Amino acid sequence: MSVPDYMQCAEDHQTVLVVVQPVGIVPQDQFFKIYKRIASVSQLNIRDSQRLLYIRYRHHYLPENNEWGDFQTHRKVVGLICITTCNSAKDWPQTAERFHGQKEVYSSTLYDSRLLVFGLQGEVAEQQRTDVAFYPGFEECSDVERRVEDFVESIFIVLESKRLDRATDKSGDKIQLLCVPFEKKDFVGLDTDSRHYKKRCQGRMRKHVGDLCLQAGMLQDALVHYHMAVELLRGVNDFLWLGAALEGLCSASVIFHYPGGTAGKMAARKPSISQPADAGKRHRPGAQEVLIDPGALTANGISADTSTEIGRAKNCLSPEDIIEKYKEAISYYGKYKSAGVIELEACVKAVRVLAIQKRAREASEFLQNAVYINLGQLSEEEKIQRYSILSELYELIGFHRKSAFFKRVAAMQCVAPTIPEPGWRACYKLLLETLPGYSLSLDPKDFSKGTHRGWAAVQMRLLHELVYASRRMGNPGLSVRHLSFLLQTMLDFLSDQ
């Protein structure tokens, strides 16, 4: 994986990933209009159960990220919805062919797919098909949301069958060894009958079942499986997957403690669990002391009762433990050069949790770590995105000056010497956004005599950069205004030079 998703948060671990893509020629504005409607189906009450299924939509997803789906199942593309236009029956075979081609890209992980066809009427459009929906036009498609709900239900059925299949302990069978892409070459020729190898297979599969339980809305079972995976993987020093099992444990515990979500944008989520009033008062175990509620697992490893509240509270990490376990998981990821993206995203998730806990200093330590994670060769655009997100996260925890610093770095990146067409306008816009972080206002009234706030040297440097950027932008009038402002407000600090 080369490109991190900076928007990742702990509760994303309970979502299933659906990719929505245009096929053929689709007007961009119409595509995003339909995409918005599809994405409005972000959670679904599963019929005949107390469970909720959460869906995460993406209109762009790199196939190489999909290869990490066994490691963390929320990275796996399980649903594909294609949107296309087709105006005549003779174009239909080619359109269907394109849809199949798109399915091939994610074929190794897909549970189900749908094609929404706009513009086709007549005989072809009257055929009843479960995987294709025909609409006369973009304005005449009132049942899009209902069709997406049916589609999500079909994904849930496959997810549930996989969960049941993998959770049932078939002791006679050999358990498959789950791998991440870069490990595959390391396991060639290993002794598959050794106790060490079998424990590794068991530990990884337990962790995988924990992921599936979390996605299927069974938080209690997920916690139990993650705890068991941690014990098994710790015993065989399988550090990368031990990190993933610990992160799974953190995610499940975050979902329990913060049902409103940690990303800010997820505030509209329905609480996924009824949290008992005394949950915070109960004794919570440390890392070594795993308490498994005897009622939580039946003989085949499936929970008889998903609402066993007492079992959940026993296996759930306390808010303080969540952060400790994140630290431990990140230290294990740090041992693997190829897991840089996983490590960076885990840091970002921990920062979002710490922001809710109002523990700004500890959050800044995680961010400091994120700054130094090497992701190889990043494009200029990726660098700009990385610094902008770091700036937003520092703002989130109340580190305004640090936030301004990274926003300024992002601004400088817009006009890096390596960029063929430097973006002076974007640079200028980002520089303006850094002013409040450096206690700088562009209103001369805020500079009455003797009440200067902030570091004058940094402020003058920033004003010089605004002058230069506005000149390069081709707006000399603006640069003159910034220069006269500099003279009016900073004269006491300017050298003769």
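In the predicted model, six strands form an open sheet in the order β2-β3-β1-β4-β5-β6, and the pairing within this sheet is mixed. Its edges are formed by β2 (43–45) and β6 (132–135), each of which pairs on one side only. Between neighbouring strands the average turn is 20°, direction ignored.

Strand β4, comprising residues 77–85, is mostly covered, with 8 of its 9 residues buried. Strand β5 in turn pairs with β6 in the parallel sense, over 4 bridges, with Leu115 opposite Val132 of β6.

Helix α1, which spans residues 28–39, lies across β1, β3 (52–58), β4 and β5. The direction of α1 is at about 160° to that of β1.

The largest nonpolar core of the model contains 68 residues. Within this core, the residues with the most contacts are Phe71, Leu240, Tyr326, Tyr333 and Phe366. Two or more residues are contributed by each of the helices α5 (195–215), α6 (219–235), α7 (239–257), α9 (319–333), α10 (340–356), α11 (360–371) and α12 (380–396). Of these elements, α7 gives the most, supplying 12 residues. Apart from this core lies another, of 33 residues, which includes Val20, Val41, Ile55 and Leu159.

The surroundings of Tyr326 illustrate the contacts made by one of the residues highlighted in the 68-residue core. When residues up to four places away in sequence are not counted, Tyr326 touches Ala10, Glu247, Cys250, Ser251, Ala346, Lys349, Ala350, Val353 and Phe366. Phe366, among these partners of Tyr326, is likewise listed with the residues that have the most contacts inside the core.

Notes
Residues numbered from 1 in each chain as written. Predicted model: local features only at pLDDT ≥ 70, side-chain atom pairs only at ≥ 80, totals over all residues. Heavy atoms only, no water. Core = buried A, V, L, I, M, F, W, Y, C linked by side-chain atoms within 4.5 Å. Buried < 20%, exposed > 50% of the residue type's maximum accessible area, 1.4 Å probe, protein only. Contact = heavy atoms within 4.5 Å. Pairing = 2+ DSSP bridges. Axes fitted to C-alpha atoms, helices over the stretch in contact; angles between N-to-C directions.
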